Amino acid sequence: MLNLDPMIITAIMFLSMIVLMAIGAPLAWALMISGMGSAYMMFGPGGLDFLLSSAYSTMDNFLLVALPLFIFMGLVLERSGITDDLFEMMHKLMGSLPGGLGIGTILICALIAAMAGVSGAATVSLGIIALPAMLKRGYHKRLVTGTIMAGGALGFLIPPSILMIVYAFLARESVGKLFAAGLVPGLMLAAIYMAYILIRCRINPSLGPAAPVEERFSAKEKLMSLRHVIAPGLLVTAVLGCIIGGVTSPSEASAVGAGGAMLIAALRGRLNWSLLRYAMLSTAKITGMLLWIAIAAVFFSRIYMGLGAGMIVSDFINDFSLSPYTVIIIMLISFFALGMFLDDFAILFITIPLYVPIVRDLGFDTTWFAVLFIISMQSAYLTPPFGYNLFYMRSVAPKSITIVDIYRSALPYVALQIVGLALIVLFPSIALWLPNLLF
(Lines give C-alpha, C1' and ligand atoms only; values in the text may rest on other atoms or scores of the structure.)
Protein backbone atom coordinates (compact mmCIF):
# COMPACT_ATOMS: atom_id res chain seq x y z
CA MET A 1 0.00 0.00 0.00
CA LEU A 2 1.23 3.46 -0.93
CA ASN A 3 0.47 6.84 0.60
CA LEU A 4 0.54 9.30 -2.29
CA ASP A 5 -0.51 12.90 -2.65
CA PRO A 6 -4.01 13.25 -4.24
CA MET A 7 -2.50 15.25 -7.11
CA ILE A 8 -0.14 12.36 -7.93
CA ILE A 9 -3.05 9.91 -7.73
CA THR A 10 -5.02 12.09 -10.15
CA ALA A 11 -2.11 12.18 -12.58
CA ILE A 12 -1.58 8.41 -12.40
CA MET A 13 -5.24 7.50 -12.89
CA PHE A 14 -6.09 9.91 -15.68
CA LEU A 15 -2.81 9.61 -17.56
CA SER A 16 -2.99 5.81 -17.50
CA MET A 17 -6.58 5.98 -18.79
CA ILE A 18 -5.60 8.39 -21.60
CA VAL A 19 -2.60 6.25 -22.62
CA LEU A 20 -4.75 3.11 -22.76
CA MET A 21 -7.35 4.89 -24.91
CA ALA A 22 -4.60 6.30 -27.15
CA ILE A 23 -3.30 2.79 -27.92
CA GLY A 24 -6.80 1.66 -28.87
CA ALA A 25 -8.26 0.17 -25.68
CA PRO A 26 -12.07 0.53 -25.43
CA LEU A 27 -13.22 3.12 -22.90
CA ALA A 28 -14.63 0.49 -20.51
CA TRP A 29 -11.33 -1.40 -20.36
CA ALA A 30 -9.27 1.80 -20.06
CA LEU A 31 -11.37 2.85 -17.03
CA MET A 32 -11.34 -0.66 -15.55
CA ILE A 33 -7.59 -1.25 -15.88
CA SER A 34 -6.56 2.18 -14.56
CA GLY A 35 -9.05 1.85 -11.69
CA MET A 36 -7.93 -1.68 -10.77
CA GLY A 37 -4.26 -0.73 -10.95
CA SER A 38 -4.79 2.27 -8.68
CA ALA A 39 -6.94 0.28 -6.24
CA TYR A 40 -4.35 -2.49 -5.96
CA MET A 41 -1.49 -0.02 -5.62
CA MET A 42 -3.21 1.99 -2.85
CA PHE A 43 -5.26 -0.63 -0.96
CA GLY A 44 -3.75 -3.98 -1.90
CA PRO A 45 -5.89 -6.96 -3.01
CA GLY A 46 -8.76 -5.76 -0.80
CA GLY A 47 -9.14 -2.70 -3.00
CA LEU A 48 -10.50 -4.90 -5.79
CA ASP A 49 -13.63 -5.46 -3.66
CA PHE A 50 -14.72 -2.05 -4.93
CA LEU A 51 -15.23 -3.65 -8.35
CA LEU A 52 -17.79 -6.12 -6.99
CA SER A 53 -19.75 -3.45 -5.12
CA SER A 54 -19.60 -1.11 -8.12
CA ALA A 55 -20.94 -3.77 -10.49
CA TYR A 56 -23.78 -4.63 -8.11
CA SER A 57 -24.79 -1.01 -7.43
CA THR A 58 -24.68 -0.21 -11.15
CA MET A 59 -26.87 -3.11 -12.23
CA ASP A 60 -29.27 -2.91 -9.26
CA ASN A 61 -31.20 0.01 -10.71
CA PHE A 62 -34.62 -0.41 -12.31
CA LEU A 63 -34.12 2.81 -14.25
CA LEU A 64 -31.70 1.00 -16.58
CA VAL A 65 -34.58 -1.08 -17.96
CA ALA A 66 -35.61 2.04 -19.92
CA LEU A 67 -32.31 2.15 -21.83
CA PRO A 68 -32.70 -0.87 -24.15
CA LEU A 69 -36.38 -0.13 -24.79
CA PHE A 70 -35.80 3.50 -25.80
CA ILE A 71 -32.85 2.43 -27.96
CA PHE A 72 -35.05 -0.24 -29.58
CA MET A 73 -37.80 2.35 -30.18
CA GLY A 74 -35.38 4.66 -31.96
CA LEU A 75 -33.91 1.89 -34.13
CA VAL A 76 -37.34 0.64 -35.22
CA LEU A 77 -38.47 4.16 -36.12
CA GLU A 78 -35.22 4.75 -38.02
CA ARG A 79 -36.02 1.75 -40.28
CA SER A 80 -39.77 2.43 -40.53
CA GLY A 81 -39.31 5.07 -43.27
CA ILE A 82 -41.20 7.71 -41.33
CA THR A 83 -38.54 10.35 -42.11
CA ASP A 84 -39.41 10.23 -45.83
CA ASP A 85 -43.02 11.19 -45.16
CA LEU A 86 -42.06 13.93 -42.71
CA PHE A 87 -39.68 15.51 -45.22
CA GLU A 88 -42.33 15.33 -47.94
CA MET A 89 -44.74 17.08 -45.56
CA MET A 90 -42.23 19.86 -44.80
CA HIS A 91 -41.48 20.27 -48.51
CA LYS A 92 -45.17 20.89 -49.18
CA LEU A 93 -45.68 23.17 -46.17
CA MET A 94 -42.52 25.27 -46.24
CA GLY A 95 -40.82 24.80 -49.60
CA SER A 96 -42.16 28.13 -50.89
CA LEU A 97 -40.20 30.08 -48.23
CA PRO A 98 -36.52 31.07 -48.67
CA GLY A 99 -34.72 28.59 -46.41
CA GLY A 100 -38.02 26.79 -45.81
CA LEU A 101 -36.58 23.29 -46.29
CA GLY A 102 -33.83 24.12 -43.77
CA ILE A 103 -36.43 25.27 -41.24
CA GLY A 104 -38.48 22.16 -41.97
CA THR A 105 -35.40 19.98 -41.47
CA ILE A 106 -34.91 21.43 -37.98
CA LEU A 107 -38.57 20.69 -37.17
CA ILE A 108 -38.19 17.10 -38.41
CA CYS A 109 -35.01 16.69 -36.33
CA ALA A 110 -36.85 17.93 -33.23
CA LEU A 111 -39.64 15.45 -33.87
CA ILE A 112 -37.24 12.56 -34.49
CA ALA A 113 -35.38 13.54 -31.30
CA ALA A 114 -38.65 13.23 -29.39
CA MET A 115 -39.15 9.75 -30.86
CA ALA A 116 -35.64 8.29 -31.01
CA GLY A 117 -33.68 9.83 -28.11
CA VAL A 118 -30.32 9.71 -29.92
CA SER A 119 -28.43 12.07 -32.21
CA GLY A 120 -27.28 9.72 -34.95
CA ALA A 121 -30.78 8.66 -36.06
CA ALA A 122 -31.81 12.10 -37.33
CA THR A 123 -28.39 12.99 -38.75
CA VAL A 124 -28.03 9.84 -40.83
CA SER A 125 -31.64 9.53 -42.01
CA LEU A 126 -31.91 13.20 -43.01
CA GLY A 127 -28.43 13.07 -44.50
CA ILE A 128 -29.73 10.35 -46.82
CA ILE A 129 -33.13 11.95 -47.56
CA ALA A 130 -32.94 15.72 -47.08
CA LEU A 131 -29.34 16.39 -48.12
CA PRO A 132 -29.66 15.39 -51.82
CA ALA A 133 -33.16 16.92 -52.06
CA MET A 134 -31.98 20.30 -50.74
CA LEU A 135 -28.81 20.33 -52.85
CA LYS A 136 -30.91 19.55 -55.93
CA ARG A 137 -33.04 22.62 -55.16
CA GLY A 138 -30.01 24.92 -55.06
CA TYR A 139 -29.36 25.11 -51.30
CA HIS A 140 -25.78 25.93 -50.33
CA LYS A 141 -23.95 22.79 -49.24
CA ARG A 142 -22.66 24.29 -45.99
CA LEU A 143 -26.06 25.55 -44.94
CA VAL A 144 -27.54 22.10 -45.63
CA THR A 145 -24.91 20.02 -43.83
CA GLY A 146 -24.72 22.36 -40.83
CA THR A 147 -28.50 22.39 -40.48
CA ILE A 148 -28.80 18.59 -40.53
CA MET A 149 -25.94 18.07 -38.06
CA ALA A 150 -27.17 20.73 -35.60
CA GLY A 151 -30.76 19.50 -35.85
CA GLY A 152 -29.61 15.93 -35.29
CA ALA A 153 -27.82 16.97 -32.08
CA LEU A 154 -31.19 18.04 -30.62
CA GLY A 155 -31.65 14.35 -29.79
CA PHE A 156 -29.50 14.92 -26.70
CA LEU A 157 -31.79 17.55 -25.22
CA ILE A 158 -35.36 16.93 -26.37
CA PRO A 159 -36.77 14.00 -24.37
CA PRO A 160 -36.70 11.04 -24.29
CA SER A 161 -32.90 11.37 -24.33
CA ILE A 162 -30.72 8.30 -23.71
CA LEU A 163 -27.96 10.57 -22.37
CA MET A 164 -30.40 12.10 -19.86
CA ILE A 165 -31.40 8.65 -18.60
CA VAL A 166 -27.76 7.71 -17.95
CA TYR A 167 -27.14 11.13 -16.33
CA ALA A 168 -30.13 10.56 -14.04
CA PHE A 169 -28.73 7.16 -13.09
CA LEU A 170 -25.29 8.56 -12.21
CA ALA A 171 -26.52 11.70 -10.44
CA ARG A 172 -29.51 10.00 -8.74
CA GLU A 173 -31.91 12.46 -10.35
CA SER A 174 -35.53 12.06 -11.43
CA VAL A 175 -35.73 11.13 -15.13
CA GLY A 176 -39.13 12.81 -15.45
CA LYS A 177 -37.76 16.04 -14.01
CA LEU A 178 -34.77 15.98 -16.36
CA PHE A 179 -37.02 15.31 -19.35
CA ALA A 180 -39.20 18.27 -18.38
CA ALA A 181 -36.10 20.44 -17.92
CA GLY A 182 -34.80 19.59 -21.39
CA LEU A 183 -38.01 20.28 -23.29
CA VAL A 184 -38.10 24.10 -23.24
CA PRO A 185 -34.32 24.57 -23.85
CA GLY A 186 -34.52 22.04 -26.69
CA LEU A 187 -37.37 23.91 -28.36
CA MET A 188 -35.54 27.20 -27.71
CA LEU A 189 -32.43 25.94 -29.49
CA ALA A 190 -34.53 24.68 -32.39
CA ALA A 191 -36.13 28.15 -32.62
CA ILE A 192 -32.68 29.80 -32.58
CA TYR A 193 -31.53 27.55 -35.43
CA MET A 194 -34.67 28.30 -37.46
CA ALA A 195 -34.34 32.05 -36.89
CA TYR A 196 -30.70 31.88 -38.03
CA ILE A 197 -31.64 30.02 -41.24
CA LEU A 198 -34.54 32.39 -41.96
CA ILE A 199 -32.41 35.53 -41.43
CA ARG A 200 -29.49 34.24 -43.52
CA CYS A 201 -31.76 33.22 -46.38
CA ARG A 202 -33.64 36.53 -46.25
CA ILE A 203 -30.34 38.40 -46.51
CA ASN A 204 -28.95 36.07 -49.19
CA PRO A 205 -31.76 34.08 -50.87
CA SER A 206 -29.25 32.12 -52.98
CA LEU A 207 -28.27 30.15 -49.86
CA GLY A 208 -31.72 28.58 -49.65
CA PRO A 209 -33.92 29.52 -52.62
CA ALA A 210 -37.67 29.16 -52.44
CA ALA A 211 -39.24 26.40 -54.51
CA PRO A 212 -40.20 27.36 -58.08
CA VAL A 213 -43.86 27.99 -58.81
CA GLU A 214 -44.37 24.54 -60.37
CA GLU A 215 -43.25 22.86 -57.11
CA ARG A 216 -45.69 24.75 -54.90
CA PHE A 217 -48.80 23.10 -53.53
CA SER A 218 -52.39 24.04 -52.89
CA ALA A 219 -53.86 24.60 -49.43
CA LYS A 220 -55.69 21.27 -49.71
CA GLU A 221 -52.46 19.38 -50.51
CA LYS A 222 -50.69 21.06 -47.60
CA LEU A 223 -53.53 20.16 -45.26
CA MET A 224 -53.56 16.54 -46.45
CA SER A 225 -49.80 16.25 -45.87
CA LEU A 226 -50.32 16.88 -42.15
CA ARG A 227 -51.57 13.30 -41.80
CA HIS A 228 -47.93 12.19 -41.76
CA VAL A 229 -47.39 13.82 -38.37
CA ILE A 230 -50.32 12.10 -36.65
CA ALA A 231 -48.61 8.79 -35.81
CA PRO A 232 -45.29 10.25 -34.56
CA GLY A 233 -47.20 12.98 -32.72
CA LEU A 234 -49.34 10.44 -30.89
CA LEU A 235 -46.25 8.36 -30.01
CA VAL A 236 -44.36 11.38 -28.61
CA THR A 237 -47.42 12.53 -26.65
CA ALA A 238 -47.97 9.06 -25.21
CA VAL A 239 -44.35 8.53 -24.11
CA LEU A 240 -43.65 12.01 -22.72
CA GLY A 241 -47.17 12.37 -21.31
CA CYS A 242 -46.77 9.12 -19.37
CA ILE A 243 -43.42 10.21 -17.89
CA ILE A 244 -43.92 13.92 -17.25
CA GLY A 245 -47.54 13.46 -16.21
CA GLY A 246 -46.54 10.81 -13.67
CA VAL A 247 -48.81 8.17 -15.23
CA THR A 248 -45.99 5.63 -15.50
CA SER A 249 -42.34 5.30 -14.61
CA PRO A 250 -39.74 5.98 -17.36
CA SER A 251 -39.17 2.23 -17.67
CA GLU A 252 -42.86 1.56 -18.28
CA ALA A 253 -43.10 4.51 -20.69
CA SER A 254 -40.17 3.09 -22.66
CA ALA A 255 -42.22 -0.09 -23.16
CA VAL A 256 -45.10 2.06 -24.44
CA GLY A 257 -42.67 3.74 -26.85
CA ALA A 258 -41.22 0.44 -28.09
CA GLY A 259 -44.70 -0.99 -28.66
CA GLY A 260 -45.81 2.21 -30.41
CA ALA A 261 -42.76 2.16 -32.69
CA MET A 262 -43.54 -1.41 -33.78
CA LEU A 263 -47.18 -0.44 -34.38
CA ILE A 264 -46.09 2.47 -36.60
CA ALA A 265 -43.72 0.18 -38.51
CA ALA A 266 -46.52 -2.38 -38.94
CA LEU A 267 -48.99 0.23 -40.20
CA ARG A 268 -46.39 1.31 -42.77
CA GLY A 269 -45.82 -2.31 -43.87
CA ARG A 270 -42.19 -2.27 -42.67
CA LEU A 271 -42.46 -4.59 -39.64
CA ASN A 272 -40.71 -7.82 -40.59
CA TRP A 273 -38.10 -10.21 -39.25
CA SER A 274 -35.24 -8.32 -40.90
CA LEU A 275 -36.17 -5.07 -39.13
CA LEU A 276 -36.71 -6.78 -35.76
CA ARG A 277 -33.43 -8.69 -36.04
CA TYR A 278 -31.51 -5.50 -36.83
CA ALA A 279 -33.20 -3.58 -34.01
CA MET A 280 -32.72 -6.31 -31.40
CA LEU A 281 -29.09 -7.05 -32.24
CA SER A 282 -28.19 -3.35 -32.36
CA THR A 283 -30.02 -2.73 -29.08
CA ALA A 284 -28.11 -5.57 -27.40
CA LYS A 285 -24.77 -4.25 -28.67
CA ILE A 286 -25.42 -0.63 -27.65
CA THR A 287 -26.86 -1.55 -24.25
CA GLY A 288 -24.01 -3.95 -23.51
CA MET A 289 -21.47 -1.27 -24.38
CA LEU A 290 -23.18 1.29 -22.13
CA LEU A 291 -23.45 -1.09 -19.16
CA TRP A 292 -19.79 -2.12 -19.37
CA ILE A 293 -18.80 1.54 -19.46
CA ALA A 294 -21.16 2.27 -16.54
CA ILE A 295 -19.67 -0.47 -14.34
CA ALA A 296 -16.09 0.58 -15.17
CA ALA A 297 -16.83 4.29 -14.68
CA VAL A 298 -18.58 3.83 -11.32
CA PHE A 299 -15.63 1.70 -10.15
CA PHE A 300 -13.12 4.29 -11.41
CA SER A 301 -14.92 7.19 -9.72
CA ARG A 302 -15.32 5.28 -6.43
CA ILE A 303 -11.59 4.55 -6.29
CA TYR A 304 -10.79 8.14 -7.19
CA MET A 305 -13.12 9.65 -4.62
CA GLY A 306 -12.20 7.05 -1.99
CA LEU A 307 -8.54 8.03 -2.22
CA GLY A 308 -9.44 11.59 -1.30
CA ALA A 309 -8.47 12.92 -4.68
CA GLY A 310 -11.89 14.52 -5.09
CA MET A 311 -10.81 17.08 -2.48
CA ILE A 312 -8.40 18.56 -5.03
CA VAL A 313 -11.20 20.43 -6.75
CA SER A 314 -12.63 21.73 -3.46
CA ASP A 315 -9.17 22.86 -2.32
CA PHE A 316 -8.61 24.55 -5.68
CA ILE A 317 -11.89 26.47 -5.33
CA ASN A 318 -11.06 27.54 -1.77
CA ASP A 319 -7.43 28.43 -2.45
CA PHE A 320 -8.27 30.72 -5.36
CA SER A 321 -11.52 32.06 -3.84
CA LEU A 322 -13.42 31.25 -7.03
CA SER A 323 -17.01 32.42 -7.27
CA PRO A 324 -19.67 29.71 -7.83
CA TYR A 325 -20.39 30.89 -11.38
CA THR A 326 -16.67 30.87 -12.22
CA VAL A 327 -16.55 27.21 -11.18
CA ILE A 328 -19.55 26.42 -13.41
CA ILE A 329 -17.90 28.17 -16.36
CA ILE A 330 -14.66 26.21 -15.80
CA MET A 331 -16.70 22.98 -15.79
CA LEU A 332 -18.42 23.96 -19.05
CA ILE A 333 -15.06 24.77 -20.64
CA SER A 334 -13.79 21.33 -19.57
CA PHE A 335 -16.82 19.71 -21.25
CA PHE A 336 -16.11 21.66 -24.43
CA ALA A 337 -12.42 20.68 -24.42
CA LEU A 338 -13.09 17.01 -23.67
CA GLY A 339 -15.76 16.94 -26.36
CA MET A 340 -13.12 17.50 -29.03
CA PHE A 341 -11.53 14.13 -28.22
CA LEU A 342 -13.99 11.91 -26.29
CA ASP A 343 -17.56 10.79 -26.91
CA ASP A 344 -20.50 11.97 -24.82
CA PHE A 345 -20.80 8.87 -22.63
CA ALA A 346 -17.07 8.89 -21.83
CA ILE A 347 -17.32 12.51 -20.66
CA LEU A 348 -20.51 11.74 -18.73
CA PHE A 349 -19.06 8.80 -16.81
CA ILE A 350 -15.74 10.50 -16.08
CA THR A 351 -16.93 13.96 -14.98
CA ILE A 352 -20.46 13.74 -13.57
CA PRO A 353 -19.64 11.67 -10.43
CA LEU A 354 -16.98 14.29 -9.63
CA TYR A 355 -18.83 17.47 -10.65
CA VAL A 356 -22.37 16.89 -9.32
CA PRO A 357 -21.41 16.86 -5.60
CA ILE A 358 -19.48 20.12 -6.14
CA VAL A 359 -22.46 21.70 -7.93
CA ARG A 360 -24.68 20.73 -4.98
CA ASP A 361 -22.18 22.16 -2.48
CA LEU A 362 -22.12 25.44 -4.43
CA GLY A 363 -25.89 25.69 -4.01
CA PHE A 364 -26.89 25.24 -7.66
CA ASP A 365 -29.80 23.16 -8.91
CA THR A 366 -28.40 19.93 -10.36
CA THR A 367 -31.31 19.69 -12.82
CA TRP A 368 -30.20 23.04 -14.26
CA PHE A 369 -26.62 21.77 -14.42
CA ALA A 370 -27.82 18.66 -16.26
CA VAL A 371 -29.25 20.85 -19.03
CA LEU A 372 -25.93 22.75 -19.26
CA PHE A 373 -24.09 19.45 -19.55
CA ILE A 374 -26.41 18.13 -22.26
CA ILE A 375 -26.07 21.30 -24.38
CA SER A 376 -22.29 21.05 -23.98
CA MET A 377 -22.50 17.51 -25.36
CA GLN A 378 -24.45 18.83 -28.35
CA SER A 379 -21.50 21.11 -29.05
CA ALA A 380 -19.12 18.17 -28.57
CA TYR A 381 -20.88 16.33 -31.40
CA LEU A 382 -20.20 19.27 -33.75
CA THR A 383 -16.66 20.30 -32.78
CA PRO A 384 -13.64 19.15 -34.80
CA PRO A 385 -11.64 17.00 -34.88
CA PHE A 386 -13.75 14.14 -33.44
CA GLY A 387 -17.36 15.35 -33.35
CA TYR A 388 -19.52 12.31 -34.06
CA ASN A 389 -22.12 14.15 -36.17
CA LEU A 390 -19.28 15.35 -38.42
CA PHE A 391 -18.45 11.73 -39.20
CA TYR A 392 -22.10 10.71 -39.54
CA MET A 393 -22.46 13.45 -42.15
CA ARG A 394 -19.23 12.45 -43.90
CA SER A 395 -20.56 8.89 -44.22
CA VAL A 396 -23.68 9.98 -46.17
CA ALA A 397 -22.53 13.18 -47.94
CA PRO A 398 -21.54 13.11 -51.63
CA LYS A 399 -17.88 13.46 -52.61
CA SER A 400 -18.47 17.07 -53.69
CA ILE A 401 -18.80 17.95 -49.99
CA THR A 402 -15.37 17.77 -48.36
CA ILE A 403 -14.56 17.24 -44.69
CA VAL A 404 -13.45 20.90 -44.58
CA ASP A 405 -16.92 21.92 -45.80
CA ILE A 406 -18.49 19.82 -43.06
CA TYR A 407 -16.22 21.29 -40.37
CA ARG A 408 -16.91 24.86 -41.51
CA SER A 409 -20.67 24.27 -41.76
CA ALA A 410 -20.80 23.21 -38.09
CA LEU A 411 -19.09 26.31 -36.66
CA PRO A 412 -22.06 28.76 -36.87
CA TYR A 413 -24.25 26.23 -35.06
CA VAL A 414 -21.64 25.70 -32.35
CA ALA A 415 -21.73 29.48 -31.82
CA LEU A 416 -25.54 29.35 -31.61
CA GLN A 417 -25.32 26.53 -29.05
CA ILE A 418 -22.96 28.66 -26.96
CA VAL A 419 -25.53 31.49 -27.15
CA GLY A 420 -28.21 29.06 -25.92
CA LEU A 421 -25.90 27.84 -23.16
CA ALA A 422 -25.23 31.43 -22.05
CA LEU A 423 -28.96 32.19 -21.95
CA ILE A 424 -29.60 29.21 -19.65
CA VAL A 425 -26.67 30.16 -17.40
CA LEU A 426 -28.03 33.72 -17.12
CA PHE A 427 -31.69 32.71 -16.92
CA PRO A 428 -31.97 29.31 -15.15
CA SER A 429 -35.78 29.54 -15.27
CA ILE A 430 -35.62 28.58 -18.97
CA ALA A 431 -34.65 25.08 -17.83
CA LEU A 432 -36.38 25.04 -14.44
CA TRP A 433 -39.79 26.57 -15.17
CA LEU A 434 -41.45 23.41 -16.50
CA PRO A 435 -40.02 20.93 -13.95
CA ASN A 436 -40.88 23.33 -11.09
CA LEU A 437 -44.41 23.64 -12.49
CA LEU A 438 -44.92 19.88 -12.86
CA PHE A 439 -42.95 18.55 -9.90
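The model is predicted, so local features need pLDDT of at least 70 and side-chain atom pairs count only at pLDDT 80 or more, while totals for chains, interfaces and linings use all residues. Residues are numbered from 1 along each chain as its sequence is written, and side-chain values use heavy atoms, with hydrogens and water left out.

**Salt bridges**

- The structure holds five salt bridges, each a side-chain nitrogen of Lys or Arg within 4 Å of a carboxyl oxygen of Asp or Glu.
- Aspartate 85 pairs with arginine 268, their closest N and O atoms being 2.3 Å apart; because aspartate 85 lies in helix H5 and arginine 268 in the loop between helix H13 and helix H14, the bridge ties together parts 183 residues apart in sequence.
- Lysine 141 forms a salt bridge with aspartate 405 at 3.1 Å between the closest N and O atoms, and Lys141, Arg142 and Asp405 are linked in a network of salt bridges.
- Aspartate 405, at 6% relative accessibility, counts as buried (under 20% relative accessible area, with exposed over 50% and partly exposed in between, for a 1.4 Å probe and protein chains only), whereas lysine 141, at 30%, counts as partly exposed.

**Threonine 145**

- Threonine 145 is found in helix H8, residues 141-152 (helices, H or I, are DSSP runs of at least four residues, and strands, E, of at least two, numbered from the N terminus), and counts as buried at 0% relative accessibility.
- Leu131, Met393, Ile401 and Ser409 touch threonine 145, not counting residues up to four places away in sequence, where contact means heavy atoms within 4.5 Å.
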